[in-house]
Amino acid sequence: MLEAIEGSQAIARAVAMCRPDVVAAYPITPQTHIVEALSRLVAEGEMHTEFVSVESEFSAASVVLGAAATGARAYTATASQGVLLMAEVLFNISGMRVPLVMTVANRAVSAPLSIWNDHSDSMAVRDCGWIQLHCADNQEAVDTTIQAFRISQETELPVMVCMDGFVLTHTLEPIEMPDQTDIDGWLPPLEFDRRLDPSDPKSLGTLVSPDFFAEVRHSHHAAMIRALDVIETVDDDWHAMTGRRGGGLVEVAGDPEAKIGILAMGSTFGTLETGMEHAGAQAGRARLIKLRAFRPFPAAALRAACAGLEHLIVIDRAISPGLGGVVGTEVAAVLAGAPDAPRIHNHALGLGGRDIPETIYADLMTAVADPDGPAFSVFDADLTKLDPEDR
Amino acid sequence: MVGVMIEYRIHGRGGQGSVAAAYLLAATAFHAGQMCQAFPAFGAERRGAPVTAFVRTDEAPIRLRAQVRTPHFLIVQDGTLLQDPSIVAGLRPGGGMVVNTTRPGDEVAAEFGCRALTIPATELAEEVIGRPIPNTALLAAFLSVTGLFEIASLSVALRDRFSGTTLERNLALVEKVAATIRPDAWKEPADA
Amino acid sequence: MAEHDPRGERLDELRRKFGREPLPPGADQKELTPREAQPRFRGLESGHRACQGCGEALAARLVTECAGPDVMIANATGCLEVFTTAWPQSSWRVPWMHSLFENAGAIASGMEAAMKAKGKNTKVLAFGGDGGTYDIGFQALSGMLERYHNVLYVCYDNEAYMNTGIQRSSSTPHAATTTTSPAGKERMGKRHLKKDLLAIVAAHHIPYAAAASVAYPADLQRKVRYAMGIEGPTFLVIHSPCPLGWRHDSALTIEVARRGVECGLFPLVEIERGAVTNVMPIRKVRPVTDYLELQGRFSHLMTPDDARAEEERAHLQALADHNIQTFGLRGDTPDAGDTQASSSVGRGGHPAGRV
C-alpha cells in the first residue's frame, strides 16, 4: 500500500516485517528514529523481538553478533561515530561469516563535529568485509532492507544498508509498503548451519595460524564475488513479487547514447535526474549511473554501464585525504585498460551535509568541458572561505 | 497550479511543531492524490531556536532532494521571526506567506512586499487545543486561503497522526479556522 | 530450527549424546586414564596448550564441568581462548565463541537475548581474564549486568595481562612487578591498588556475585551451581595463579592460591543483591609474607634490611587485615577439619552448604 511515511518509520516497519529475533541499538543522530520506531513497535506488541538497548554501539554490534551466532535473525542500525566505534566488531562479524543486517544512516565523521549527511562513515569501513548497498530513495531503502535479510542468509555475509542520513531518514514521502504475508512467503526462515548449539557444539572465532589464514580470507573474498549474483537474483525475485527493483548492482538512467556519464551513490542521484530534466536542453543530457552495490564492487556491471562514454563524472560523498575520492579511484581502476576507457572527473560533493542543489547538474556538465580540469576536486567548496595558504 | 511542482518553506522555533507541520502538509497533499516530500533543515537546534522545514508537492514523483530555495509559499509559525527580513529570501513572485501573528495582514504584506495572511494561531491553539502549538491552525488557514487541497485531506492527515482528545481538538481547530478564512483572503502589498 | 524443549528432556538428550558410554562387559578398565574414567561431563577437554600449572585452565575445567552441557560460552580474547582453540583443533565440548577482547559481556547478552527469543533454556556463560573484565571489557560487563541478562560471567583473575606477556592490569595487586610495573631504584612494582571489582559488580545489585579460588574446587563448584540456578546476571571471580606471570613453581599453583586466601588478600565472599551473605572463614590466618615468598613477582619485597620493602610488606599486610576485618574472615571454630567444607558459615539469607 502506498503511504506517506517518514523514511525511518518505513525502515522500522520493513525490519519488523522480517521478524528479527534480536534487535540491539544505541542512539545516534540521524539513525535514532529507526530504533525509536522499532522500540515503539515492540512496546505496542506489534513486533515480537528481543530489543536490547545497549550501552554503546560497540555492544550493539557485539549483541547482534552473539545473537546471530546462535542462529537468530538479528538487526542493528547506526551512523557516523557509531560505525567507527563498531569497526572492530564489524570485521569480526564478517570474518566469522555470520548473517546480519545493519542500517547505516550515513553521516559525516568528526572532527569537526558534523551531524549531517555524507558517506565518510560507511566509506571508512569499506574493507570490513560486509556487503554494502546504497539506496537512492526511501522506496529503495525499504526494498533493500528486506532484500538484505535474504542476501545475508544466502551468502552468510553481513549486509550494510546505507541510506543518506536526514536526506532520506527524515524525509516523509510516498512509499509502497509491502504486505506482511508477502514477506513471510518471500523471506525463508534463517537456517545457519554453523550456529552455536549445545546439541552439536562448535567453536567459533578460534585462533587461526598462518597455515590457514590466507585461505580464510580468500574464501571470504570469493564469497563476496559470488554475492554479486545473489544481489541480482534476489532483486529479480523481489521484482517478480512486487514489480519493483531495489537497484540491482548498477542502474543506468538518462541518455544511453550520451558521451558524458555521471556516477553517484545514494540520494544525490534523484537531484541529478531532476537537474538533467530541467537543464538538459542547455547543459546536454548525460548517462546517469547509479551504483547500488559498493561492496562487492561490481566491476563487470560498471564496465558495461560505462561502455561508450568519453567522460565519466564520479561523485564521491566522502574524501580520502591525500588521495581524493574512493569511488572515483575504484571506478577508474576497474575501467583502466579498457580500449576506450572514459576520462574520469572525480568530485567530492555535499560533504558534511552541504546541500546539493539541482543546478549541480549543469555545473558538473560545464566542468567536464574544461580540458585542464582537475582529476579530483571538492566541487562545492568555496575556497574564498579559506586563508590563501590553505586553498 | 496543476501539473507544477509546488515548493513550501516553513519557519518556526524548536518546539512549535514545524517539522510536524511540514509532514502534515505533505500528508495532506498525499491524501488529496498528490505526490509529496517533506523534510526538516536538519539542525541540532534546541527548543526556541529558529528551525526550517521544507515541503514539495507535485503530480509526478519527486526526485529532487535539495533544500527549497525558491518557495511558492511560506508558513511562519512565530511572528518574532519576521524580525529577520531574509525570511522571504527566494520567495517566488506572486507567492504568499501565512504568518502566526496578531499584526494586521496588510502591514506584513507591505513590509515584505508579498501577499500575506496573518492569524493569531497561538491564541487559537491555546483556546481550542489548550497548548500553544500553532501548526494546525496555520495549515488550516493556509489551505483555506490557497485552496490548494481540501480541508478534508488535512483532517485525514491529522487522523493518521493523532488520536483521542488531541485529534478531536485539532479537528475542531481546523474547522474553526477554516470557517473564518475566505478563499483568496490574502492582503496584497500596498504598492502592488 | 530447534524447538523449545523442557529442560529435563533436553539435558537427558545431551547427556546421552555427550556422556560417557557404559563400558561393554569385559572391557579392560586399565585402558582408561583416571581422567577418562570420570563419569562426569567435561566441557573443556584435556590436550590443550596451557602452561604447566595453569590456574585458569583448571578453573575453566571446574566451571564447565559443573555448568553442564546445556550452555554456550562467550569467551574474551586471552590465554584461555588461545590455548584452547588453535584451529582446526578445539578443547571445547560445548558451543563456544570468541569474538573480541572487550565484548564478552555484550556477546553473551546477544546469545542470551536469542535464547530468550527462541524460548530456550540454554544458559549463557561469559569467560574473561582480568584484562578483559576489570579493564577493557568493563563497560560491556556493566551493561550486561544492568540489563539483567541471564548470564553467568566468570572472570579468571590472574592479576595481569598474561596473554601478551605479563603486563600490569587494574587487577594486579599493589607492589607486584609485571613487565610494565617493574621494580627499580624509583619504583617498588605496581603503585596502585587492585581494583575491587567484586564491589563494583555487586553495586549493580545483581542476584549473585562471588569470589572463588582454584585452591577450593568444591567451594568453587558449589558457587557455579548456585549461580547456574539463578535466572539473572551472576558473576564469579576466580583467583587463578599463573606460574609464568607470578613466577612461582608450576607445582605450587594450588598452594599459592590457598595462601592467597589464607592471608586475607583474596577473600572468598558471596554477595547477593548488593549485600554480603556469606564468607569463607580462615581457620588459621597466615601472614601475607607466607603468600609473597612463593612468588617471584613479589621477590623485591623480601629483600632483608630494605626499608622500602618493609613498608610495602606492611602495606600489603594492612590490606589483608582490612579484608579480614571488613568481611569477618577469622574463623571461630579452631578445629575445623576442612576449611572449605566444614566452616563455611552463613550470615543470613542462605544456610551454609547450600547447592
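Trainee: How do you know that no contact joins chain B and chain C?

Mentor: Two residues are in contact if their C-beta atoms, placed from the backbone, lie within 7 Å. The closest C-alpha atoms of chain B and chain C lie 28 Å apart, and no contact joins these two chains. Keep in mind that this is a predicted model: local features need pLDDT of at least 70, side-chain atom pairs count only at pLDDT 80 or more, and totals for chains, interfaces and linings use all residues. Residues are numbered from 1 along each chain as its sequence is written, while chains are lettered from A and ligands numbered from 1 in the order in which they are written.

Trainee: Which chains share the most contacts?

Mentor: Chains A and C do, of the 2 pairs of chains in contact.

Trainee: What makes up the contact between chain B and chain A?

Mentor: Chain B brings 19 residues to it and chain A brings 22 residues. On the side of chain B, helix 1 (18-31) and strand 2 (35-40) each supply at least two residues. Strand 2 of chain B gives the most, with 6 residues. Helices (H or I, at least four residues) and strands (E, at least two) are DSSP runs, numbered from the N terminus.

Trainee: How many residues on that side of chain B are nonpolar, polar and charged?

Mentor: There are 14 nonpolar, 2 polar and 3 charged. Ala, Val, Leu, Ile, Met, Phe, Trp, Tyr, Cys and Pro count as nonpolar, Asp, Glu, Lys and Arg as charged, and the others, Gly among them, as polar.

Trainee: Why are helix 4 and helix 6 of chain B called oblique to each other?

Mentor: Helix 4 (residues 135-146) and helix 6 (residues 164-180) of chain B pack at an angle of about 40°, with their axes 8 Å apart. The axes are lines fitted to C-alpha atoms, for helices over the stretch in contact, and angles run from 0 to 180 degrees between N-to-C directions. Angles under 35 degrees count as roughly parallel, over 145 as roughly antiparallel, 65 to 115 as roughly perpendicular and the rest as oblique. The two helices of chain B are therefore oblique.

Trainee: What kind of crossing is it, left-handed or right-handed?

Mentor: Helix 4 of chain B passes helix 6 of chain B in a right-handed crossing. A crossing is right-handed if the near helix is turned clockwise from the far one by less than a right angle, and left-handed if anticlockwise. Among the residues that meet are B:A140 in helix 4 and B:L173 in helix 6. The contact of these helices has 7 nonpolar, 3 polar and no charged residues.

Trainee: Why are strand 10 and strand 16 of chain A called edge strands?

Mentor: They belong to an open sheet of 6 strands in the order 10-12-11-14-15-16, with mixed pairing. Strand 10 (250-254) and strand 16 (376-378) of chain A each have a single partner strand, so one side of each is left without a neighbour in the sheet.

Trainee: What makes strand 10 and strand 12 of chain A a pair?

Mentor: Two strands pair if DSSP finds at least two bridges between them. Strand 10 and strand 12 (residues 287-291) of chain A are joined by 5 bridges and run antiparallel. In strand 12, A:K290 is the bridge partner of A:E251.

Trainee: In which sense does strand 14 of chain A pair with strand 11 and with strand 15?

Mentor: Strand 11 and strand 14 of chain A pair in the parallel sense over 4 bridges, and A:I260 stands opposite A:H311. Strand 14 and strand 15 (residues 343-348) of chain A are also parallel, over 6 bridges; here A:L312 stands opposite A:I344.

Trainee: Why is A:S80 called buried, and what is A:R97 called?

Mentor: A residue is buried if 20 or more other C-beta atoms lie within 10 Å of its own, exposed if 12 or fewer, and partly exposed in between; C-beta atoms are placed from the backbone. A:S80 has 30 such atoms, so A:S80 is buried. A:R97 has 18, so A:R97 is partly exposed.
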